[in-house]
Amino acid sequence: MSTRFLRHFFEPRTIAVIGASEKSSSLGGLVIRNLQEAGFPGTIWAVNPKGYESVFGQPAFSRIGQLPEAPDLAVICSPVATVPGRIARLGSIGGRAALVLSGGSHLDEARDGKASIRQRMLDAARQSGIRVLGPECMGLIVPGRKLNASYANRPIKAGKVAYLGQSGMLGTAMIDWAAGRGVGFSHLITLGDSVDVMLPDLLDYINQFSPTQAILLHLEKIFDAQHFMTALRDASRNRLVLAIKSGRTPQSDLTGLPPTPGVANRDQIFDAAFSRAGVVRVHDSDELFDALMTLSLMKPLRGDRLAIVSNGLGPAMLAIDKLIHAGGKLAEFTEETRRALRQGDFDMSKPGENPVDLGGNATPEKFVDAIEIVAADPGVDAVLVVHAPTRMAPSKTTAQAVVANRKRFRRNLLTSFMGLEEALSARHECSLAAIPTYVSPEKAINAFMHMVDYQRVQALLQETPPSLPFTTTPAIRARCRTLIKEAKAEGRESLSHSETAQVLEAYGIPVAESRYVTTPAEGAAAAFDGAMALKVVHEGNCRPFRYRKHPHRVSAGLMQDLRSPEQVAEGIALLGEQVNEKYPAFKVREYCLQPMQRGKHSLQTCAGITRDPVFGPVIVFGIGGYKVNILADRQVALPPLNMTLAEDMVGRTHVARLIHEHSGDPDRDIERLCQLLVKLSQMASDLLELRGIEINPLLLNRDDIVAVDFAMDLGTPARFAIMPYPEELREWVTLKNGWEVEVRPIRAEDAPLITNFHHQLSEESIRFRYFHNKSDLTQRDLSMLSHINYDRQMAFIAEHLRDDGSKEMLGVARVWNDPDNIRTEFSVIIRDDLTGLGIGSLLMNKLIDYCRSVGTLEMIGKIMVDNHPMRSLMKHLGFKQRYNMEEQVVDAVLRLNEPESEWQRHRLESLPD
């Protein structure tokens, strides 16, 4: 997967349409007509074995080998059984891109001793390196280049929105929807059931090479979650991304993947993934364009408080119901705003309050004055104008008044002119003036909440979190990995209750006092004073997330309120007999004895780690206990988590509401839960063979948080959707001045270190690093510098522990890899007062070793001509340096690895691909 040769799809000079004729039913003929109607400026050829001289005036050839030259782009419309051969032939003559519109229902069936058509297509592509988009795709359209290589039924206008979808038919419908709303596209591409070019490849290409302002995604399935999340997060940092996904219910999910243990509906995990990537998710096509209009036209919100101005209380109440149900907030006016509304006699129903009901006789002028007062209130973030047509205030006249006075309004404005006849012209007036407008108040509220969601997910994407509450040590990781290794050596796929307790305690998660026994006699001897609970641990109940149909029935094998050694012994005997009777195949591993956890007004929660077949490890949290439906409140998040992300996850649960209602110190309790989730996230990152762990109940009370019952199972090493922090790259070194310094990858929590480091740099050092003076770093700068994507970036810092226990940053070196891992661009900066200690060489050598290990071919950097210390360092490290006259800098280049393919060699030598 890469952007290799994708330029040939979007910027072709020559196109061959294979399987084209002038028959009305010819798919290839339709493609040629679309290319002609779009005004494609390049050369078009038709290929058809029937030997036509021309097709719709374009030269035709009977075989691919007869073409004058290898086409930049081949559009294959011939029967699907012939496609693998066509791809192989195109690759053999030097073709670089094939767009397959053909399709069928037997692509995955192996017949007559041959591999499936899909596999043979992929084999043919890999043999020559030709890129294949399809089969079963609609094609691609790039209006700005007059390229319409598709079977779309109508032309589309140029714009700055890219649509990337996985369904051809939905793509054609999207064209019609967009035409009706006046939306233009920079790119419109459907992948169909693509065997080679995948959605993340296209995201990477458009993010690098297109001036697109917004990207609309339609998803059906994801093949490589890590590649997808990396491309999506990179794209959403630079432009608006909206996503719609089909297959949200088990009935419409055609992937055939197994369910995710402990998660009722896997669609929750897609929600978490989109949120983590800074993407706004919508649920239907209408909503997609409403959200696009809102987010494209509105200025960034300061908050989520909405004011409503209407000429009737009924429509306003509909809007409020929708707002509260969607999680929004109705703004509360200041006393000054209330007084102004009352004095102007604006409100007919609730004078001075929100919503402002102007009444059915409200004139356009009254609307404008009311909006101006409300929009000036500091407690209002946006204003929704709801209007139903009346004789006193026709819709169009009111809209024209709002448009004419829009500069008087200090807040974002949304409008809903209700109706389908008279209101149509009013909505048209607002659209021309770039004011978001909607058919109904409910649609307007949906659009407003998209803006709120976008602000939230973008803030999470760019926020620099507080310091981590816990970091593991090599000793902790080694101890837990040994437990897992020993269990797997014994052929076990799960840890016992006692072994899981050891893992939790190693990661700083408090565990209820427990004694583990195997016989009634041992149980009697181990009894606690007071009431006790006894649990039998056997091979059937030491796995997490055992429930499916009855999530509240997880208390089997448990006895409570035992009060004497004799009762403990009797309980062990009874539980053992029950296991032998009900589950004769299961072996009892041990019995766990604990004091009853009562008297502290504890809140029962549930937390853990599960593994999704697409996204890998997933953190789960929600309400807990033995006798409640714990799935009803379960929230999910993708690791790695920091304290900010954990707080967002906790805040979405019923647990958070209970804490705020009943806790004496809600902030303390929320922080405890967040710390626990961060520890679980670290556990998932460290212990790759951990498949799942469930803590239920996890008790939260005024004294502490304590894990009472838990289970952990094992599996193959996990692959994360978002690469976790690379702990294995940390190392300690001694500088020439005797300082012990840790060299480690940067992390999001290092923003304060970066700020202090930047303030200690001289103007010259800053100019050498950024090529201009940059006295302060913005919040976005800090996020970009600290919150990196380890899949494509790396930054190593040298960190020193001062005598007072605080830490300081001495220097940083970083690289940015291109999506294809061909080149990586470096930068390095060291504190001015620490030159001569070898920190620059130390960090650069660390970077060079890392980039070599991940297969990067070349490291490059640009150095200012007067930056003599850096040029000297590069010479010492073996970089070749040459003066770049165009940019008036010195280019430094170091070969790290040799190319393994002709395409890599092309890219490395900067030849056109």
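## Cysteines

A search of the whole structure finds zero disulfides, a disulfide being a pair of cysteine sulfur atoms within 2.5 Å. The structure is a predicted model: local features need pLDDT of at least 70, side-chain atom pairs count only at pLDDT 80 or more, and totals for chains, interfaces and linings use all residues. Residues are numbered from 1 along each chain as its sequence is written, and side-chain values use heavy atoms, with hydrogens and water left out.

Cys480 is buried at 1% relative accessibility. Cys592 is buried at 3%. Buried means under 20% relative accessible area, exposed over 50%, and partly exposed in between (1.4 Å probe, protein chains only).

## Nonpolar cores

A nonpolar core is a set of buried Ala, Val, Leu, Ile, Met, Phe, Trp, Tyr and Cys residues joined through side-chain atoms within 4.5 Å. The largest one holds 112 residues. Phe9, Val75, Leu99 and Phe615 touch the most other members. Helix 15 (residues 441-462) gives the most to this core, with eight residues. Helices (H or I, at least four residues) and strands (E, at least two) are DSSP runs, numbered from the N terminus. Apart from this core lies another, of 55 residues, including Ile609, Phe621, Leu700 and Ala707. In soluble globular proteins, nonpolar side chains tend to be buried together.

Which residues does Phe9 touch, not counting those up to four places away in sequence? Among them are Leu73, Leu99, Arg131, Leu140 and Val197. Contact here means heavy atoms within 4.5 Å.

## Backbone exceptions

Most residues other than glycine have a negative phi, and most peptide bonds are trans. A cis peptide bond joins Asn354 and Pro355, with omega about 15°. Pro355 sits in the loop between helix 11 (335-343) and strand 17 (356-357). The bond from Pro639 to Pro640 is also cis, with omega near 5°. Pro640 lies in the loop between strand 28 (635-637) and helix 20 (643-651).

Lys146 is not a glycine, yet has a positive phi of about 55°. Its loop runs between strand 8 (139-142) and strand 9 (147-150). Lys146 is partly exposed, at 45% relative accessible area. Ala434 also has a positive phi, about 60°. Ala434 lies between helix 14 (422-432) and strand 20 (437-438), in a loop. Its relative accessible area is 32%, so Ala434 is partly exposed.
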